[in-house]
Every structure is written in C-alpha cells, then in structure tokens.
Amino acid sequence: MARFYLACVLVAASIFYVNAAMAETPWQKDTRRLCVSTQQQACWIKAGAALCDKDQMRCDKLPDHAPARIIGHGGSRWHVQTAYGTGWVSERMIMMDCRLMSPPHRC
C-alpha cells in the first residue's frame with residue numbers, strides 16, 4: 001500500500017513539474033496581452049525581421065514597426081498577423097512599449 005501512495009505522489013509531482021515548466025513567462029504573458037491588433041502601437045515587429053511560413057521555406061522581410069496580432073506560440077516563435085501577411089517570427093523580434101508592460105519589465 002505504501003508503494004501505491006508513493007507512486008501517486010510521484011505522478012502528481014511529475015504533473016506539477018511539467019505544468020510549471022510549460023507555464024508562460026511574464027514576458028510571454030505581456031506579449032499576448034499587448035499584441036492584440038494590427039492597428040495598435042504597443043507591440044510591433046523589429047525592422048528586418050523575417051515573416052516565415054510554418055516550415056520556414058518562404059520568408060519575407062518586414063518593414064520597421066509592423067504592428068502585430070498574436071495568433072499562437074510554438075517553440076521560440078510567435079505566429080502573428082500583420083498588415084503585410086500572416087506567418088511566424090522569432091520571439092526576439094517582437095518589440096513592446098515598456099511603459100505598458102508588467103512591473104518586472106516596465107520602464
């Protein structure tokens with residue numbers, strides 16, 4: 001019976017660990033919160049960033065300050081919609097107005 005309880009505790013701990021590891025960072029939460037429209041100025045894609053298809057077979061360079069709406073997230077890329085098309089961009093290419101960010105990143 002003790003082995004059963006130990007197994008249950010280990011399963012519960014592993015579920016908690018996996019959920020904690022997959023939780024969004026404060027930066028990702030701010031990205032989702034601020035990048036809601038292609039008409040806003042709180043979130044944009046850095047000049048020269050590549051807007052690619054899912055497989056990165058076709059990419060287009062974006063102009064500076066292309067407002068973006070977040071559609072989804074996968075790995076280290078965001079699926080975005082811009083006035084120039086829909087595609088995937090690197091997380092590092094998303095720029096946000098620091099005045100509107102959460103306290104750890106607010107300027």
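User: What makes β6 and β7 a hairpin?

Analyst: Keep in mind that this is a predicted model. β6 and β7 have two residues between them. The two strands, residues 77–82 and 85–90, also pair in the antiparallel sense over six bridges. Pairing takes at least two bridges, so β6 and β7 qualify as paired. Two of the bridges you can look up: threonine 82 partners glycine 85, and histidine 79 partners tryptophan 88.

User: How do you know that β5 and β6 pair?

Analyst: Same test. They share five bridges, in the antiparallel sense, and the cut-off is at least two, so the pair counts. Glycine 72 stands opposite histidine 79 there. This is a hairpin too, with two residues between the strands, and glycine 75 takes a positive phi near 65 degrees in it.

User: Why is alanine 42 called buried?

Analyst: Its relative accessible area is 11%.

User: What is alanine 42 in contact with, beyond its neighbours within four places in sequence?

Analyst: Leu34, Met95, Met96, Asp97 and Leu100. Take Met96: alanine 42 and methionine 96 are 54 residues apart in sequence, but 5.6 Å apart in space, C-alpha to C-alpha.

User: Which residues of helix α2 are buried, and what puts them on the same side?

Analyst: In α2, residues 26–34, the buried ones are Gln28, Asp30, Thr31 and Leu34. They cover an arc of only 160 degrees around the axis, which is why they end up on the same side of α2. As a general point, an α-helix has 3.6 residues a turn, so residues three or four places apart point the same way. The cover over the buried residues of α2 includes β1, β5, β6 and β8.

User: What makes β4 and β8 edge strands?

Analyst: The open sheet has three strands in the order β4-β1-β8, with antiparallel pairing. β4 and β8 each pair on one side only, and that makes them the edges. α2 packs on this sheet, touching β1 and β8, and its direction makes about 80 degrees with that of β8.

User: How do you know that β1 and β4 are paired?

Analyst: They have two bridges, antiparallel. At least two are needed, so β1 and β4 meet the cut-off. Among the partners, isoleucine 45 goes with alanine 66 in β4.

User: What is the overall make-up of the chain?

Analyst: Two helices and eight strands, running α-α-β-β-β-β-β-β-β-β along the sequence. Of the 107 residues, 28% are buried. Among contacts between residues at least 6 apart in sequence, 50% join residues at least 24 apart. The accessible surface comes to about 7200 Å², with 60% of that belonging to carbon and sulfur atoms.

Key
Residues numbered from 1 in each chain as written. Predicted model: local features only at pLDDT ≥ 70, side-chain atom pairs only at ≥ 80, totals over all residues. Heavy atoms only, no water. Helix = DSSP H or I, 4+ residues; strand = E, 2+ residues; numbered from the N terminus. Buried < 20%, exposed > 50% of the residue type's maximum accessible area, 1.4 Å probe, protein only. Arc of directions from axis to C-beta. Contact = heavy atoms within 4.5 Å. Axes fitted to C-alpha atoms, helices over the stretch in contact; angles between N-to-C directions. Areas by Shrake-Rupley, 256 points an atom, 1.4 Å probe, with all protein chains shown as cover.
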